[in-house]
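Subject: Structure handover

Hi there,

Here is the structure I promised to pass on to you. Have a look at it first, and then read on for what turned up in it.

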Amino acid sequence: MIQNFYPTQALPVILMNAVNDIAVIEKVPTEMAAAAILTAISIACQSHVKVKLPITGALRPTSLSSCCVAASGTGKTPSIKAAMEAIEEYDKAAAESQRKEVDRYEALHQIWKMERKQILRSAPAANLKELLTQHFAIEPKKPSRRPLLSTDISELAVINALEGTGNSMCVLVDEGEILLKESFLKSVGALNSAWSGGPLRLERANGVRLTADDTRITMFFAIQPHVFAHRTWKKSLGTLRGSGFLARFLMLAPPSLQGSRYWTDWIFRREGLDKFHQRIREILPIQLDSVDALPRTEIVHEFDADASSRWINIGNSLEASTIPNAEFSEIADFVAKAPEIIARLAALLHHFSAQPGKITADTVERANAIVRFHLNEARKIFVAPPQWIQDCAVIDDYLYRSFWSKGMQYIQKNHVLRNGPIRTGSRLDMALSALASQGRLWITTDARRTTLIWGVNPPACGVQQTQPPSGLALSGAR
């Protein structure tokens, strides 16, 4: 019954305005817009921004991964499309640039091969080896620029994309059924290593060995709820959680806004989104200019003393929340990764909003608020709510559909107990008490000591709500 609201105020202004623009223009839940925005800044920054963890001093990538569980039509695709505008623009420009480079390479390589033939035909035998060695040293190299965005999540595709040192990629998956496939489950180990920075190793059948070090990978998965009902889901979930794969994700299950997304002829201003994309464009050329043999300037963000202290306290608090019956005891795997994700997110917020100096305690608090939201979402997705909460939802729906929507103002409690979905008196009493405390209904007793349930503002029933008769004793909170 507790609503989990996204902490939009925790985002820097440039991100908060972009999130609000996407939510309003695309008519999507705020948390979905925010997940798309965080995915975009992770892609933009991950190739050249790292964070130094307090205590250990370990350097970590700033890559983030998000997993959105939502039905078709909730707005996953419009959110991602709106957030990725500048990145897709960059990828198209990079592809065109690569096409020109490939054309130039083909021409130069043809010339190089003709020169090799000339050496083989006319070079003296005594100098042939030396001349060929010198010629092979100047063989043109084929351009190897890779696109930032990919939809292929196989182990081979990931290692091919990340092969070398310091390469980055983003995988966008909009078909949740992939989590059920045996081929994907075999790739989980490689994806975990890539998220942590590598190394990755793969031996090809032809004897070629692919190696990727200092890797950076951003992932965004969109999963439909029906995947959780599939007969093989429990088996897949055992692998996905047992390996720590899902724990690396910021989970979210946004509500659908269908039924309230009415169109108007208003012209929406998107100044916030435009400024966001402009900042993305300022950052992305760093990646474009840092391919192949060109040097890359790596930025490492550190925590100041107050931020380090706050990060340690947050980590200890989260650890305490995993003891039996504590707040996050049933999602301890997600909590184990949370401190590092907070550090990564703090570095991204600090870098993207161009804050001077080291990461501050305020930025750590902001990252903590966002990650805690996603921990609550993970708990909502993977942990069944207590029975009384489930009963509240069932009874609230039953009363509205059976009585309030038909114009009735009250109903006897015994009628609900005999004919409703909950036939155990103690469970019904607890659900009614909770609903009364939230103002969803009144519970009263008449002169004959009959308990009555009165509807409070039943939506769209078209009946003028009246107060209970003054002769009735109020036994529930309004």
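Arginine 449 counts as exposed, because its relative accessibility is 73%, which is above the 50% cut-off. Please keep in mind that this is a predicted model. You will find arginine 449 in the loop that links strand E13 (441–445) and strand E14 (451–455). Its phi is positive, about 65 degrees, although arginine 449 is not a glycine.

Asparagine 325 is another residue to look up: its phi is near 70 degrees, again a positive value in a residue other than glycine. Asparagine 325 lies in the loop between helix H11 (305–320) and helix H12 (332–352), and it is exposed, with a relative accessible area of 79%.

The peptide bond leading from glycine 198 to proline 199 is cis, with omega near 5 degrees.

The largest nonpolar core contains 114 residues, and Phe184, Phe221, Phe245 and Phe276 have the most contacts inside it. What does phenylalanine 276 touch, leaving aside residues up to four places away in sequence? Its partners are Ile14, Leu15, Ala18, Ile37, Ala40, Ile41, Ala83 and Phe352.

Next, the cysteines. How many disulfides are there? The count comes to zero. Take cysteine 68: the cysteine sulfur closest to its own belongs to cysteine 67 and is 7.5 Å away, so the two are too far apart for a bond. Cysteine 68 is buried, at a relative accessible area of 1%. Cysteine 392 is also buried, with 0% relative accessibility.

Cysteine 392 also takes part in a helix contact, on the H14 side. The axes of helix H14 (residues 387–402) and helix H16 (residues 425–437) come within 9 Å of each other and cross at roughly 75 degrees. H14 and H16 are therefore roughly perpendicular. On H14, the contact is made by Gln387, Trp388, Asp391, Cys392, Ile395, Asp396 and Leu399; on H16, by Arg427, Leu428, Met430, Ala431, Leu432, Ala434 and Leu435. Sorted by type, the residues of this contact are 10 nonpolar, one polar and three charged.

Enjoy exploring, and write back whenever you like.

Best wishes

Technical notes
Residues are numbered from 1 along each chain as its sequence is written. This is a predicted model: local features need pLDDT of at least 70, side-chain atom pairs count only at pLDDT 80 or more; totals for chains, interfaces and linings use all residues. Side-chain values use heavy atoms; hydrogens and water are left out. A nonpolar core is a set of buried Ala, Val, Leu, Ile, Met, Phe, Trp, Tyr and Cys residues joined through side-chain atoms within 4.5 Å. Buried means under 20% relative accessible area, exposed over 50%, partly exposed in between (1.4 Å probe, protein chains only). Contact means heavy atoms within 4.5 Å. A disulfide is a pair of cysteine sulfur atoms within 2.5 Å. Helices (H or I, at least four residues) and strands (E, at least two) are DSSP runs, numbered from the N terminus. Axes are lines fitted to C-alpha atoms, for helices over the stretch in contact, and angles run from 0 to 180 degrees between N-to-C directions. Angles under 35 degrees count as roughly parallel, over 145 as roughly antiparallel, 65 to 115 as roughly perpendicular and the rest as oblique. Ala, Val, Leu, Ile, Met, Phe, Trp, Tyr, Cys and Pro count as nonpolar, Asp, Glu, Lys and Arg as charged, and the others, Gly among them, as polar.
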